[in-house]
Structure formats: structure tokens, C-alpha cells
Amino acid sequence: LSQTYGSLSQTYLPVLRDASLYYLLRDQDYEGLAEQMQAEYPYERVGLDRLLAILIDLSQMRITPPARVLDIGCNTGLFSLGLAAKGYTVVGVDSNIAAEVQEFYPGKIIDTAMQLADTFKNLKLVESAISDFLAENHDTFDIGLLLSVVHQWSGGYAASRQGVKTSAQIEETLAMLVSRIYHVMYYEGPDEDSLPSLNALSLPRWFCDTTLVQQAVPIALSVAANGELRTLYRLMR
Ligand SMILES: C[S@@+](CC[C@H](N)C(=O)[O-])C[C@H]1O[C@@H](n2cnc3c(N)ncnc32)[C@H](O)[C@@H]1O
């Protein structure tokens with residue numbers, strides 16, 4: 001596996017290939033987790049830090065398992081698998097556009113997550129554009145993860161122009177999300193677009209004014225592949 005997916009560790013996207021890491025997380029063995037991460041996955045700590053920040057925030061907000069999570073743009077599944085390991089009921093959705101644009105993915109992105117998905121009965125992974133998924137499924141969720149996804153829609157994935165959406169399409173998708181996610185959304189985008197204030201978030205103003213998003217609280221900073229800071233926000237009604 002490490003041969004197949006070795007090149008993925010060159011990206012900032014976390015790929016934890018070993019279910020035992022998720023069990024360490026579930027069992028709150030953070031020392032063991034840190035040791036194993038350092039030995040085997042030093043590059044992926046940034047991703048894990050974001051996951052831990054979300055888990056801590058959810059626990060402080062008393063949004064506890066088995067609350068339902070929709071992970072939009074779940075990629076290779078770090079957040080979906082991590083939250084499922086903690087007992088949340090998770091649906092991860094990814095359109096696979098990153099693999100179509102960036103050559104370092106070995107095949108379908110979601111297949112990487114699928115290899116561990118059977119370990120967790122409370123996890124479902126779907127290959128679909130989020131707009132299609134929302135149109136075809138009427139499920140509702142307590143928690144949404146919208147991490148480093150929305151900014152890809154206006155310029156196309158990784159500035160490739162592939163998957164470009166108009167503002168109207170972006171707003172339609174965000175509106176559908178707002179109607180399906182009841183409690184909290186975690187949002188992350190490039191920092192140049194988003195400052196810690198509702199007005200300056202790189203989201204449509206009306207989105208921030210909906211009942212879902214009346215507060216935007218920065219909960220963590222992370223470093224993207226290009227070395228720039230990204231802020232992780234909790235958006236709530
Ligand atoms: C930059 S990655 C971020 C992955 C993960 N959320 C994180 O923060 O580490 C964006 C992911 O979103 C997926 N994606 C982009 N547009 C999407 C869409 N409209 N529907 C579903 N997935 C999408 C891409 O395939 C890619 O895997």
C-alpha cells in the first residue's frame with residue numbers, strides 16, 4: 001500500500017492508511033497516536049490537527065456521537081474516518097475532481113477511504129458532486145464539514161478551470177446545504193479570502209445571514225501545501 005500511495009504523502013492532504021490509528025483516536029490514546037504519527041506519517045500532522053480541533057470543538061459544544069455528519073469533499077477520508085471512529089454517523093461525499101486534475105492520486109480518491117470504511121459501520125462514502133448528492137438524497141445532518149472546498153468552485157479545481165461553478169450555482173449548492181445541516185458547519189478556505197469576521201468570509205453575504213450562520217468563530221489555524229495559513233471556522237446559528 002505504501003508503494004501505491006507513497007506519492008500522496010507529498011501533498012498536504014492527509015492519508016492515514018492504517019485503521020489502528022483511528023482506534024488510537026477513538027480510545028483517546030493521544031500519546032500513542034502522536035508517536036505513531038511521528039514515526040510513520042510526519043507530513044500528515046497538519047491534517048490530524050484539524051481533525052482534533054473539530055473533535056475538541058464538538059465536545060465543547062456538546063454535539064456528541066452519534067450525531068450525523070456530512071463531510072463535503074471528503075477526499076481520502078481523514079475527517080470521515082476519524083469522526084466515524086469516534087462514533088459519529090458519517091456520510092463522506094467526494095466528486096473525485098481532485099484526481100482528475102492532480103496526477104498524484106493513484107485512482108479514484110474515495111477508494112483510499114473505502115479501504116478502511118468497512119471497519120466503521122457508521123460510515124458511508126459516496127462518489128458524487130455534492131450538488132447531485134443533495135438533489136438525490138433528502139437526509140439531514142447535525143454537522144457539516146466544508147473544508148478547503150468552496151474556493152475551488154469559482155476558479156476551478158486547483159485553478160485548473162475544471163469544475164468551475166457560477167456564483168448562482170455556488171449559492172444554490174450552499175442554500176441546499178444550509179437547509180440540510182441543522183447545528184454546526186466547519187468551514188475553511190484560503191486566508192487571503194477570509195478574515196475572522198462574518199462580513200469578510202469568502203461566502204455569499206446571504207449565506208452568513210441565514211439562520212445556520214449567525215456566528216463565525218475561528219477555532220484553529222492550519223498550514224496549506226503552499227505554506228499559507230488557513231483558518232478553520234465554526235459557523236453556527
Ligand atoms: C482540497 S481538497 C480538501 C479535502 C478535505 N476536505 C481537507 O480539507 O483535507 C477538496 C476535495 O473536494 C472535492 N470536491 C471539490 N468539489 C467538489 C464537489 N462539487 N462535490 C464533491 N466534492 C468536491 C475534491 O475532489 C477534493 O477531494
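In the predicted model, helix H2 (residues 19–26) and helix H3 (residues 30–40) pack against each other, and the contact between them (contact meaning heavy atoms within 4.5 Å) brings Ser20, Leu21, Leu24 and Leu25 of H2 together with Tyr30, Gly32, Leu33, Gln36 and Met37 of H3. By class, this contact of H2 with H3 has six nonpolar, three polar and no charged residues, where Ala, Val, Leu, Ile, Met, Phe, Trp, Tyr, Cys and Pro count as nonpolar, Asp, Glu, Lys and Arg as charged, and the others, Gly among them, as polar. Helices and strands are DSSP runs numbered from the N terminus, a helix (H or I) having at least four residues and a strand (E) at least two. Residues are numbered from 1 along each chain as its sequence is written. Because the model is predicted, local features need pLDDT of at least 70 and side-chain atom pairs count only at pLDDT 80 or more, whereas totals for chains, interfaces and linings use all residues; side-chain values use heavy atoms, with hydrogens and water left out.

Two packed helices are described by the angle between their axes and the distance between the axes. For H2 and H3 the angle is about 150° and the axes are 8 Å apart, where axes are lines fitted to C-alpha atoms, for helices over the stretch in contact, and angles run from 0 to 180 degrees between N-to-C directions. The two helices H2 and H3 are therefore roughly antiparallel to each other (angles under 35 degrees count as roughly parallel, over 145 as roughly antiparallel, 65 to 115 as roughly perpendicular and the rest as oblique). The crossing of H2 and H3 is left-handed, a term used if the near helix is turned anticlockwise from the far one by less than a right angle, with right-handed used if it is turned clockwise.

Helix H2 also packs with helix H5 (residues 78–85), their axes coming within 8 Å and crossing at roughly 50°, which makes H2 oblique to H5. This crossing of H2 and H5 is right-handed. On the side of H2 the contact is made by Tyr22, Leu25 and Arg26, and on the side of H5 by Leu78, Leu81, Gly82 and Ala85; these residues divide into five nonpolar, one polar and one charged. Eight of the eight residues of H5 are buried, so this helix is largely enclosed by the rest of the structure (buried means under 20% relative accessible area, exposed over 50%, and partly exposed in between, with a 1.4 Å probe and protein chains only). Just after H5, Gly87 takes a positive phi of about 105°.

The chain has 11 helices and seven strands, and the seven strands form an open sheet of mixed pairing in the order S3-S2-S1-S4-S5-S7-S6. Strand S3 (123–127) and strand S6 (215–223) stand at the edges with a single partner strand each, so one side of each is left without a neighbour in the sheet. From one strand to the next, the twist averages 15°. Strands of a sheet pair through backbone hydrogen bonds, either parallel or antiparallel; here, two strands are taken to pair if DSSP finds at least two bridges between them. Strand S4 (residues 141–147) runs parallel to S5, to which six bridges join it, and Leu147 stands opposite Glu188 in S5. The pairing of S5 with S7 is antiparallel and extends over seven bridges, with Gly189 opposite Thr231 in S7. Strand S6 and strand S7 (residues 229–236) run antiparallel and are joined by eight bridges, in which Tyr233 of S7 is the bridge partner of Pro218. Helix H7 (residues 109–117) lies across strand S2 (89–94) and S3, running at about 160° to S3.

Strand S5 (residues 181–190) is mostly covered, eight of its 10 residues being buried. Ile181, which has its place in S5, is buried with a relative accessible area of 0%, and its C-alpha atom is separated by 4.8 Å from that of Phe141, 40 residues apart along the chain. In helix H10 (residues 167–180) lies Thr173, which counts as buried at 2% relative accessibility. Residues up to four places away in sequence not being counted, Thr173 touches Ile130, Ser131, Leu134, Trp153 and Lys165. Of the 237 residues of the chain, 51% count as buried.
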